[in-house]
Amino acid sequence: MEEATLSDLEGVWVHSFGYHIKVVQGKAEFANGLTFDLKPVGKTIEMDGWRISLTKSTSEEIIWQKKGENDLKWTFEEDLHANLEAAGIDQSNIISGKRRRGSVDYIADNAAIEKEERQHRKELEAKRAEEQALAMIARKRQKLQKKEKEKERERERSKARSSGVPASVSVNMSEMKELKVLLDTKDLEPEKIKDVLKKLESVKMTVQVLAKTLIGKALNPYRKHKDSEISRRAKKLFDIWRNVFKATRK
């Protein structure tokens, strides 16, 4: 196709999606009610960002292209049913001559397409409702799981309180080593010592951590610290760790 003109597009076409399109006086009217202006651009035609590919198009098939989109095809239809005028299609606007097609009942086709569109919308609505219901169920399940986890943590805290073991958090080996380095520091300020003790009291100690970090050895001298609070807390913590060690020996 060397050149595309507005007159070349006059008539009725079938979109690759199944829609019928009426082209009259530079406007493309789709069966679903949408209307677009056709504008000559050089030797081709543009419509809503789409352009006719002169290399791929013929007098019977128009190929529309747009960057980032798949090609769309219009197929020409000529021989209209006698009652097209009642449907609002002016047969005088249809190109006659070299492009010929068999008789087509466009009104029936359009009605079928509209029926399919309604059915498709219903299916989409039903699918959307199902997705919303599933999302709601998922949210409820997550809330229940969160509550169960919180209950489990509360049971662990309650058990720890009743056994004299502080509520615990997971052990971070790197942090344990850093805390040991602080405890090994000479003349560490009392407030800093208390901060270290607070962190250690919140940890559920294991034999593996005690063995790898030797933090119990670093804590031991603080049981005799001149600050009564520090010595009391250090003794209690040391006893808890010793019980942990003993428990693995049973």
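Helix H4 crosses helix H7 with left-handed geometry. This is a predicted model. H4 covers residues 190-201, and H7 covers residues 228-249. Two packed helices are described by an angle and a distance, both taken between their axes. For H4 and H7 the angle is about 25°, and the axes lie 11 Å apart. Angles under 35 degrees count as roughly parallel, so H4 is roughly parallel to H7.

Now look at the residues that meet. H4 brings Pro190, Ile193, Lys194, Leu197, Lys198, Leu200 and Glu201. H7 answers with Glu229, Ile230, Arg233, Ala234, Leu237 and Trp241. By class, this contact has 8 nonpolar and 5 charged residues, and no polar ones.

Next, the nonpolar cores. The largest one has 22 residues. Those with the most contacts inside it are Met176, Leu183, Leu200, Met205, Ile215, Leu219 and Trp241. Five elements are listed as giving two or more residues to this core: helix H3 (173-183), H4, helix H5 (207-213), helix H6 (215-219) and H7. H7 gives the most, with 6 residues.

Another core lies apart from the largest one. This other core has 17 residues, among them Val23, Phe30, Trp50 and Trp64.

Definitions and conventions: Residues numbered from 1 in each chain as written. Predicted model: local features only at pLDDT ≥ 70, side-chain atom pairs only at ≥ 80, totals over all residues. Heavy atoms only, no water. Axes fitted to C-alpha atoms, helices over the stretch in contact; angles between N-to-C directions. Helix = DSSP H or I, 4+ residues; strand = E, 2+ residues; numbered from the N terminus. Parallel < 35°, antiparallel > 145°, perpendicular 65-115°, else oblique. Left-handed = near helix turned anticlockwise from the far one by under 90°. Contact = heavy atoms within 4.5 Å. Nonpolar A, V, L, I, M, F, W, Y, C, P; charged D, E, K, R; others polar. Core = buried A, V, L, I, M, F, W, Y, C linked by side-chain atoms within 4.5 Å. Buried < 20%, exposed > 50% of the residue type's maximum accessible area, 1.4 Å probe, protein only.
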